[in-house]
Amino acid sequence: MSPQLRQQFAELAEENARLREERDRLLTEAEEHSKPPRALDESESHCRIFVETAQDSIFSVDEDGVFIYANGNAAREVGLTPESLVGKNMWDIFPDSIADRQMESIRKTFNSKTGYLVFENPTVMRGETRWYSTSIRAHVDAISGKRAALLIARNITHLKQITKALGETESRYHELLEAAGETILSVNRRGQVLFSNSQAARILGYAGQELAGRLFQSLVPPAEIEAAMGKIQTAIDCPVDAPYVYEFESDLPGGKRWFRSTLRAYYDARVGEKAALIIGRDITVQRNAQNALAASEAKYRELVENAKSIILRLDVQGNVVFCNRFALEFFRFDEETLLGRNVVGTIVPDTDRNGLDLHEFIADLCREPGKYGTNENENMRSDGERVWVAWTNNAIRNEDGSLREILCVGNDITEAKRAEREVARLRRQIEFILGATKTGLDIIDEDLNMIYVDPEWQKIYGDYKGRKCHEYFCSYPHACEGCCIPKAIAQNKVMVSEHTLPKEGNRPILVTTIPFVDEEGKRLVAEVNVDLTERKRLEEQLIRSERLAAVGTLAGGVAHEFNNLNVSILGYAELALLSDDISEEMREWLRRIHNASQRAKGITNNLLAFARASKENPAMADLVAVVRDTIDLARREITTSGAELETDLKPVPETLMDAGQIGQVVLNLLINALHAMLGRPEKKLVVRTGEGEGMVFVSVSDTGCGIPKENLPRIFYPFFTTKGEHGGSSPQAAVKGTGLGLSVSNTIIENHKGRIEVYSEVGMGTILTVLLPIRIDLKSEGERLLEGERPAAGGAEILVLDDEKDSRDLISVILRKKNFTVHETSRGSQALSILRKKMIDVVILDLQMPEMTGAQFLEKLGKLPANRRPTPIVVTGLAEGGDLEANLEEIVFAVIVKPFSIDEISDTVEAALLKRREL
């Protein structure tokens, strides 16, 4: 019997037993509750408690079918309350057919001698069919004195369902037994047959159920009786519920047959004793095949033992059941060690060098050897040495077509495989190098026919066979102009030339054409094609960098000269505005001059920032305010792009920064984020500010395309961009990009002593965070000093050193108006002479001067004794501090960038004097 069928029998037997027990329990309960309730003879209170709490439906009906009484359960069964049920008749509650049947039963009870009737009947209640076990007892109603019937009804619908299921289970159980291909007998200890299926009866020469009740001893040949009964007794007496399996040959009416029988003890509930279940399978055909196989085994062994190939036979689990002498010698095993063992772990490793799981491979081969008529796989000798074998596999089947064994014939191909792997390894190395360096290799004959193209180029250009080189690479109908192939072959000389590939967007390549003659005497060329894209890009970048460097130098010089000119315009306009002797019209004109000068100052600073000749023009500023202003500036681009903007602008301390440059950085980050979200289904832009660890920060995050890991180290490189022509087929290809935005932004932040952090995931988005240190402005410090008592006017000696007369005169006028004593000079040497003669408190100097620069003057100033050294203030037309070295910055009190205001000069001088007094 198959394991599946045996499992079904076991499940049906368990279900059958459970249903029988449930049925018996319900029948017992029904019988108990069907007896006349003796409690009615007791007191009224006890009776009412019993009736009201009963799980049965109890009600009383007079001889006209009118309900006199009903307990709660009876009322619930019909969907009413006891009060609403009393007074109604049977036909008000039940369908006419049921009411008529109930009244007929009541009348029979009245007319019976016992006055008591029990029956079962179905009832349709609210569209549902229910079964009840009903007992009826005639009595006289104590209140009305009329004859009445007491009905006690128990709902036995569940019992009926179990009984029906039990019948269906038993029927299915018998159908399965009859459909089984095995012979099935049930025999008790005395040898009496309790059950047999039709297959058993047919083999023993009987029909149907004729075997039931017969003695098993009469069904087997006399010589087999003792052995058969002994096995039955052993199975029944076995304390462990385990099957007893054996094979035997029996002389039956149809001739001698071989059987494999399984005996198992079980308890037969119908007869109340243990019995033996005998399940037999006819294995005559299998036995005959085995005998025939055994007869041919000698001939087979003689053939295979002398073969010079590996010959194995495997069972369906992959165990070796036979191996020839050559196989033992090849795998270096002895017969006792190899036979009976699975090939995996002996001659087949668990996994091959490529990581293939050979357990699964061998299992699949044993299931379906037809899939692997021929195959090659890695094998293993007893000492662990790996060898390769080419196998031919054939299925050996039983007469019924079932798979019995697999015949495997193998030949050693280890050396061939090693040579093949070496060739493949070298080829992979060459192809990898060619692919990694974007170097193409092709071979062309003298007629320009393609002979070979490396695999990487084939991925781009397809199959090359039968095509001309000019048509294959360029789609040209004729040879390329200046083709080097004929020249290289004619001159037998290596030729080098540059070309572009139209099919790859005119990618530039350097072609080295090498002539040679193959083994057949054909004249060919090998072309090595090296990618020039990076070299060309670097050349262009170098040219652009040199141009920008020149622009930067020019911009720095122009800005310095312009700032010197603007000093006079802005300064004298402010002085004129302080005068009380001018008309209001003249005052308005001066204001316009002053405003225009301030605009010119901003233009100059922007020019210096673009040319990178500028550091920052710092002042104390609120980063949150800068971010808000920048968002307002970019709000139109954000809105038109369809992006959702979210802000989380937490307050942060003010810090020293160039608000214009930081705004430029934030704007650049916003625009980059919008470009990254082009073509994305979700467009969300989040801007946050915050503070931590002595830094303030602003972060811009997007849900854009993200930055590949290999590009992250290069995003701050000048001219590196993934926009425009570098954007490929992405939406960013439509955006013009110079590759300078992030580079300039990074330079600005580094000049502010800060940094930019980047986090990005491809397909998820990018977060760029700008961190700035919290710094205090020197001017703010000076203003703090001046919050107290200012120094008294006059009494201080000021030296002004500037080669620009207009600038020097303006500073002198401003300070003399503040009642300071002012000394002027355009030369550093003369300034040093003044310092030797007079006690100077503050020296105001320019950095860019002839003869002696400002930096050189400061170096000499630093060598003076402390009691003779004035406090220096630098006034410059370059960015703040210009190229002032760090050691000189330490002695400079403040740096004022031209053009300056009157208040900047006077307030800075007063702060320097106050600081000097404190020291």
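**Buried asparagines, nonpolar cores and a helix pair**

Asn197 is buried, with a relative accessible area of 0%, in a model that is predicted. The place of this residue is in the loop that runs between strand E7 (193-196) and helix H8 (198-203). From there, the side chain of Asn197 reaches the backbone oxygen of Glu182 at 3.0 Å. When residues up to four places away in sequence are not counted, Asn197 touches Leu177, Glu178, Ala180, Glu182, Thr183 and Ile184.

The side chain of Asn375 is joined to that of Asn377 by a polar contact of 3.0 Å. With neighbours within four places in sequence left aside, Asn375 is in contact with Phe361, Leu365, Val389, Ala390, Trp391 and Asn393.

On the scale of the whole protein, 28 helices and 32 strands are present, and buried residues make up 43% of the 919 residues. Of the contacts with a separation of 6 or more, 54% are accounted for by residues 24 or more positions apart.

In soluble globular proteins, nonpolar side chains tend to be buried together. The largest nonpolar core of the model contains 35 residues, of which Leu623, Val627, Ile662, Leu670, Leu685 and Val770 touch the most other members. At least two residues of this core are supplied by each of helix H20 (623-640), helix H21 (659-676), strand E24 (684-692), strand E25 (695-702), helix H22 (741-751) and strand E27 (765-773). Apart from this core lies another, of 27 residues, among them Leu314, Ile347, Leu403 and Ile406. Within the largest core, Leu685 is in contact with Ile638, Glu644, Leu645, Glu646, Leu670, Ala673, Leu674, Met677, Val700 and Ser701, leaving aside its neighbours within four places in sequence.

Two packed helices are described by the angle between their axes and the distance between the axes. For H20 and H21, the axes come within 9 Å and cross at roughly 40°, and the two helices are therefore oblique to each other; their crossing is right-handed. On the H20 side, the residues that meet H21 are Leu623, Val626, Val627, Thr630, Ile631, Leu633, Ala634, Glu637 and Ile638, while H21 contributes Ala659, Ile662, Gly663, Val666, Leu667, Leu670, Ile671 and Leu674.

Methods. Residues are numbered from 1 along each chain as its sequence is written. This is a predicted model: local features need pLDDT of at least 70, side-chain atom pairs count only at pLDDT 80 or more; totals for chains, interfaces and linings use all residues. Side-chain values use heavy atoms; hydrogens and water are left out. A polar contact is a pair of N or O atoms within 3.5 Å; within protein, one must be able to donate a hydrogen and the other to accept it, and residues adjacent in sequence count only if both atoms are side-chain atoms. Contact means heavy atoms within 4.5 Å. A nonpolar core is a set of buried Ala, Val, Leu, Ile, Met, Phe, Trp, Tyr and Cys residues joined through side-chain atoms within 4.5 Å. Buried means under 20% relative accessible area, exposed over 50%, partly exposed in between (1.4 Å probe, protein chains only). Helices (H or I, at least four residues) and strands (E, at least two) are DSSP runs, numbered from the N terminus. Axes are lines fitted to C-alpha atoms, for helices over the stretch in contact, and angles run from 0 to 180 degrees between N-to-C directions. Angles under 35 degrees count as roughly parallel, over 145 as roughly antiparallel, 65 to 115 as roughly perpendicular and the rest as oblique. A crossing is left-handed if the near helix is turned anticlockwise from the far one by less than a right angle, and right-handed if clockwise.
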